[in-house]
Structures are given as C-alpha cells and as structure tokens.
Amino acid sequence: MCNDFFRKSECQEFCDSRKTIVVKDSGNKQEYRVTNNNGKEICKIKVDGCLIKEGERCDYLILACEDKSAFFVELKGHDLKKAIGQIDSSLTNLITEIKEFKIYARIVLNRNPTPDINSSVEIKLKNRLKKHNGKDSGDLIKYKSKVLEESM
C-alpha cells in the first residue's frame with residue numbers, strides 16, 4: 001500500500017481505484033494514460049512545483065500501491081535528455097519515500113524523439129533503475145510522442 005507521506009500530501013491529486021488515469025498539462029498535447037483494469041489503488045501526485053519546488057523535477061509521480069511500482073512522468077517538448085535529467089533528479093529527491101517500490105521512467109514528448117542510444121544520461125538512469133529494481137524489472141524507461149498508454 002502507499003505510505004502516508006503520499007496519501008496525506010497536499011500534492012496528491014487522488015488515491016483510488018479509478019479505471020483510467022490521465023496525466024496531462026493544460027495547453028499541451030502530450031498525455032500519459034494508464035488503464036487500471038484490475039481496480040488497483042493508484043495515486044497521482046503532482047511533483048513539479050508541489051512535492052519538489054526547486055531544482056530539476058519531473059511533472060508527476062504515479063504510484064501503483066499494491067504492486068509497489070512508481071512511475072516518474074515527464075511531459076516534454078522534445079528534449080529527451082533534459083526529461084531524463086528531470087526524472088533522475090526527482091528520483092534523488094524522493095528515493096527515501098519510495099525505496100520499497102520498483103521505479104520506472106515515463107516520458108511523453110510532443111514530437112518523435114530521435115533516440116541517442118549512447119546517451120550517457122539515459123544509460124546512467126537505466127543502470128540506476130536496474131540496480132534499484134533488480135532483475136526482470138520490465139521497461140525501465142519508456143518514451144513516446146503525443147500519447148503513451150499502458151495497463152497496470
């Protein structure tokens with residue numbers, strides 16, 4: 001289950017078992033969408049300007065409480081490296097609160113990213129997530145243009 005740090009936070013938008021969770025910034029086309037077919041408790045927490053007020057930070061944190069999975073979400077124009085940096089920085093700030101969770105990065109860009117497979121920031125974050133999550137932890141970092149959808 002999600003801990004009280006998130007459940008009682010003023011930055012928590014909801015903690016419930018709704019079927020569809022949408023992360024979207026007003027005025028932007030990017031959207032992260034989660035389908036919650038099993039009615040699990042999911043929390044949506046605003047990170048940017050709320051949970052973390054200074055420094056680099058991502059937009060949202062989605063917690064699948066029963067699965068102990070944390071998804072750092074960044075909605076970004078086109079700068080994939082900057083988005084990865086924002087997620088990495090947010091993770092550093094919040095790691096003590098989610099140390100029991102498996103951690104994932106989700107980035108939605110407004111145009112197709114040109115992946116730089118040798119990007120040191122992406123490799124560094126992927127290695128950090130692998131070390132934290134252990135083996136067989138799925139897609140550690142996912143990015144897509146416009147809409148990124150997945151099921152929990």
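Axes here are lines fitted to C-alpha atoms, for helices over the stretch in contact, and angles run from 0 to 180 degrees between N-to-C directions. On that basis, helix α2, residues 80-94, runs at about 140° to strand β6 in this predicted model,.

- An open sheet is formed by six strands, in the order β1-β4-β5-β6-β7-β8, with mixed pairing.
- The edge positions are taken by β1 (12-16) and β8 (141-145); each has a single partner strand, so one side of each is left without a neighbour in the sheet.
- On average, neighbouring strands of this sheet are turned by 15° against each other, direction ignored.
- Strands of a sheet pair through backbone hydrogen bonds, either parallel or antiparallel.
- Strands β7 (residues 102-109) and β8 run parallel and are joined by five bridges.
- Within this pairing, arginine 106 has lysine 142 in β8 as its bridge partner.

**Helices on the sheet**

**Helix α2 in detail**

- The 15 residues of α2 should span 21 Å at 1.5 Å a residue, and this agrees with its end C-alpha atoms, which are 21 Å apart. The expected span is 1.5 Å times one less than the number of residues.
- At the start of α2, the backbone nitrogen of lysine 81 has a side-chain oxygen of aspartate 79 within 3.4 Å.
- The buried residues of α2 are Leu80, Ala83, Ile84, Gly85, Gln86, Ile87, Asp88, Ser90, Leu91 and Leu94.
- The elements covering these buried residues include α1 (4-7), β5, β6, β7, α3 and β8.

**Arginine 57**

- Arginine 57 sits in the loop between β4 (42-46) and β5 (60-64).
- With a relative accessible area of 19%, arginine 57 counts as buried, because buried means under 20%.
- Polar atoms of the arginine 57 side chain lie 3.3 Å from the backbone oxygen of isoleucine 52 and 3.4 Å from the backbone oxygen of lysine 53.
- Leaving aside residues up to four places away in sequence, arginine 57 touches Val47, Asp48, Gly49, Ile52, Glu74, Gln86 and Ser90. Gln86 and Ser90 are among the buried residues of α2.

How values were computed
Residues are numbered from 1 along each chain as its sequence is written. This is a predicted model: local features need pLDDT of at least 70, side-chain atom pairs count only at pLDDT 80 or more; totals for chains, interfaces and linings use all residues. Side-chain values use heavy atoms; hydrogens and water are left out. Helices (H or I, at least four residues) and strands (E, at least two) are DSSP runs, numbered from the N terminus. Buried means under 20% relative accessible area, exposed over 50%, partly exposed in between (1.4 Å probe, protein chains only). A polar contact is a pair of N or O atoms within 3.5 Å; within protein, one must be able to donate a hydrogen and the other to accept it, and residues adjacent in sequence count only if both atoms are side-chain atoms. Contact means heavy atoms within 4.5 Å. Two strands pair if DSSP finds at least two bridges between them.
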